[in-house]
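This report describes one protein chain for a reader who has the sequence and the coordinates at hand. Please consult both while reading the sections that follow.

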Amino acid sequence: MAEGRLNLEPEVVEIFQSIDDGRNFLLSGGAGSGKTYSLVNVIRQAIAENPTAKVACMTYTNAAVKEIEERVNHKNLNVSTIHDFLWDSIKHFQKELKQALISLANNEEVTRISIEEVNPVPDNYYAVLPDGVQYKEFVRIREGIISHDELLIVANYLFEKYPKLSSIVKDKYKFIFIDEYQDTSKVVVETFLTHFKKSERKNIIGFFGDAMQSIYEDGIGNLDDYKGADIEKVNEIQKKQNRRNPKLVIDLANKLRTDGITQEPSADPKAPNMANGTIKQGTVLFLHSTDGDVNKVEEFLAANYAWDFNNSKETKELNLTHNLIAGKAGFRTLMDIYDKDHILSFRDRIKKYIKDNNVATDFSENTFGEVIEALQQGKSGRELNAVRPTNTMQVFIDGNAELYNYAKSIKYTEFSKIYVDKDQLLDDKKQDENDENKKGSKRDNLVKHLFKIQNNISLYQNKKYNEFLRATDYYFKITSIASKKALKENIESLVNVGDNTIEQVINDANEKRICLIDDKLIAFKENKEYLYNRVKDVKFSEFQKLYEYLEGQTPFSTQHKTKGTEFDNVLVILDNGGWNNYNFGNLFLETGSATVLDRTQKIFYVCCTRAKENLAVFFHNPDADVIAKAKIWFGEENVIDIG
């Protein structure tokens with residue numbers, strides 16, 4: 001046995017037995033099992049036993065990246081996202097990259113990569129491409145620019161076609177470890193476990209994760225197609241301990257697991273879920289009422305169980321979507337602008353009609369209104385309805401007549417390019433104030449600018465004066481007591497935003513040199529004037545509410561964003577609001593579509609296992625069968641009608 005293995009966890013010892021046999025492995029562990037701790041120990045031991053070998057580690061969460069980099073600071077370790085790893089592996093092969101893009105664009109089965117109006121794409125299409133194929137936050141296949149989804153497809157194509165590429169990567173990295181494997185794309189797993197085999201070079205691929213926590217649609221979910229006892233198959237090693245949750249939460253979570261792993265409390269008396277050498281009991285509650293008022297639930301938990309919803313570090317309320325949170329957290333108007341603009345939905349309906357019906361008219365000089373008019377002309381009945389707003393769209397248009405008239409006046413070519421998505425508003429939400437911002441945020445440049453303004457205000461309000469001086473655009477002017485006094489007056493007048501609109505605060509911050517209007521914001525105003533005009537009249541105080549939410553200063557979070565985090569008290573809101581992908585009623589009754597049931601079970605499992613001390617689940621108006629099942633899962637005394 002290699003030196004140091006005696007001090008390792010039994011599961012990590014098993015991993016190294018697998019490595020000794022030349023086998024790829026999978027460490028499967030439930031919530032709170034300490035998978036990241038095991039990953040860190042595997043990396044350390046791999047480097048200790050192979051001092052000249054390079055190790056690549058790919059992970060998804062900022063917390064995990066930070067933890068790994070802090071605990072294993074070694075020149076031979078490369079920690080990155082899967083996307084960055086793949087791009088680093090293929091970016092120098094520009095000739096092959098260009099050929100791959102052309103080939104994929106000409107493949108009708110690959111819908112994500114295409115060049116409009118160029119079919120087929122000629123072999124010399126990218127002959128003049130000064131910067132080569134590039135990987136960016138946005139997509140322009142026509143210009144050789146790919147983004148996240150396209151990168152995975154292109155990399156898979158190249159590794160399949162060129163075994164030498166696999167040899168190059170294997171020669172560079174003796175070990176490749178993938179954290180949160182269940183969220184990894186199928187094509188990425190295929191690259192590492194199928195295409196890599198075309199190269200005779202040897203290396204080890206290790207996966208770490210939990211099939212029960214696969215809550216994203218584009219992830220592989222599990223490695224069932226690759227696991228097995230055969231030496232060519234992936235060797236699964238199970239880690240059954242739970243170091244996070246109290247006993248009652250572990251018992252509930254085990255009733256939800258479907259993969260054969262039954263978690264048990266850690267044998268380590270120092271584990272966070274142990275007290276005086278024994279497992280904490282914790283509390284699990286199933287609360288229900290007929291009126292669905294979540295405020296009553298919070299009041300009940302505060303009065304009877306001393307939950308503090310003002311402490312966002314200890315207490316979290318988990319909702320299925322940001323939309324359900326927006327009203328409660330105070331940013332409803334901004335959410336609706338970015339997520340429920342039915343004028344843009346109507347525009348998309350028109351764009352689809354033009355494409356589906358091969359409308360050949362050149363609309364480059366027409367406004368959006370003129371395009372609508374031209375398409376509706378001479379039509380009636382069903383044909384006319386196809387180019388008119390749906391009922392939902394019409395209600396929105398009737399309520400926003402001025403906005404609709406403005407939209408109709410915009411050049412169609414410009415209006416058709418405006419892309420608005422809630423990620424531009426909400427991406428990169430922190431779970432608490434100490435969380436790290438991720439790389440490559442999807443927030444748009446208007447939201448980023450508003451963040452910069454509010455960040456200045458928050459730093460000043462929290463008396464972090466040195467950080468404020470570094471953050472403000474005023475710093476180069478501070479040369480005297482008088483300039484410091486002027487800065488103080490400027491920031492203090494900006495702090496009191498009152499009922500000022502977002503545009504008023506942007507201009508005020510610019511005039512006071514706290515946050516200057518930069519080229520990015522100017523470009524945003526020019527290129528996305530429609531969106532800017534909608535946002536500019538919203539009160540800045542509403543943006544401050546959004547800021548608090550995204551910075552982790554509120555008790556609210558979505559159920560998806562909470563994965564990888566933990567809190568003392570967790571309230572899960574089971575909302576049966578007609579979701580296509582989730583059905584919490586069927587979860588308790590174990591009925592309905594198998595895929596919906598599986599998806600709902602996993603999101604519920606993830607939510608429940610965030611709780612370090614106390615878990616409460618709220619179900620609005622459950623029927624008798626749901627309550628009966630809740631009594632089995634939670635215990636009869638823990639199912640409470642709060643009226």
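Predicted model: local features only at pLDDT ≥ 70, side-chain atom pairs only at ≥ 80, totals over all residues.

Which helices each supply at least two residues of the lining of the largest cavity? They are α12 (332–339) and α20 (445–461).

**The cavity**

The count of cavities of 30 Å³ or more comes to one. The space in the largest cavity amounts to about 30 Å³. Its lining consists of Leu334, Tyr338, Leu425, Val447, Leu450, Ile502, Val535 and Phe543. By residue class, this lining divides into eight nonpolar residues, with no polar and no charged ones.

**Domain layout**

The domain assignment divides the chain into five parts. Domain 1 is given as 10–86 + 162–239, and domain 2 as 94–155. Between the centres of domain 3 and domain 4, taken over C-alpha atoms, the separation is 45 Å.

**Helix α6**

Helix α6 covers residues 148–161, which makes 14 residues. From its first C-alpha to its last, α6 reaches 20 Å, close to the 20 Å expected at 1.5 Å a residue. The buried residues of α6 are Glu150, Leu151, Leu152, Val154, Ala155, Asn156, Tyr157, Leu158 and Phe159. What do these buried residues of α6 pack against? Their partners comprise the helices α4 (82–90), α5 (94–105), α7 (163–172) and α8 (186–193), together with the strands β4 (134–135) and β5 (145–146).

**Backbone features in loops**

The peptide bond from Asn119 to Pro120 is cis, and its omega is near -5°. Pro120 is located in the loop between α5 and β4.

Two residues other than glycine have a positive phi: for Glu180 the value is near 50°, and for Arg513 it is about 60°. Glu180 belongs to the loop between β6 (175–179) and α8. Is Glu180 buried or exposed? Glu180 is classed as buried because its relative accessible area is 13%, under the 20% limit for that class. Arg513 lies in the loop between α23 (502–511) and α24 (519–527). With a relative accessible area of 29%, Arg513 counts as partly exposed.

Lys612 is placed in strand β17 (residues 611–620). Leaving aside residues up to four places away in sequence, Lys612 touches Arg244, Pro246, Glu566, Phe567 and Asp568. The relative accessible area of Lys612 is 26%, so this residue is partly exposed. Between Lys612 and Asn490, which are 122 residues apart along the chain, the C-alpha separation is 44 Å.

Lys417 sits in the loop between α18 (412–415) and α19 (423–426). Lys417 is exposed, since its relative accessible area is 69%, and the threshold for that class is over 50%. Lys417 and Ile153 are 264 residues apart in sequence, and 24 Å lie between their C-alpha atoms.

**Accessibility of selected residues**

The table collects the accessibility values discussed above.

| Residue | Relative accessible area | Class |
|---|---|---|
| Glu180 | 13% | buried |
| Lys612 | 26% | partly exposed |
| Arg513 | 29% | partly exposed |
| Lys417 | 69% | exposed |

Notes. Residues numbered from 1 in each chain as written. Heavy atoms only, no water. Domains from an automatic or database assignment. 1 Å grid on protein atoms, 1.4 Å probe; cavity = no way out; pocket = protein on both sides within 12 Å on 5 of 7 lines; lining within 4 Å. Points joined across faces, edges and corners; volume = space filled by probe spheres on them. Helix = DSSP H or I, 4+ residues; strand = E, 2+ residues; numbered from the N terminus. Nonpolar A, V, L, I, M, F, W, Y, C, P; charged D, E, K, R; others polar. Expected span 1.5 Å × (residues − 1). Buried < 20%, exposed > 50% of the residue type's maximum accessible area, 1.4 Å probe, protein only. Contact = heavy atoms within 4.5 Å.
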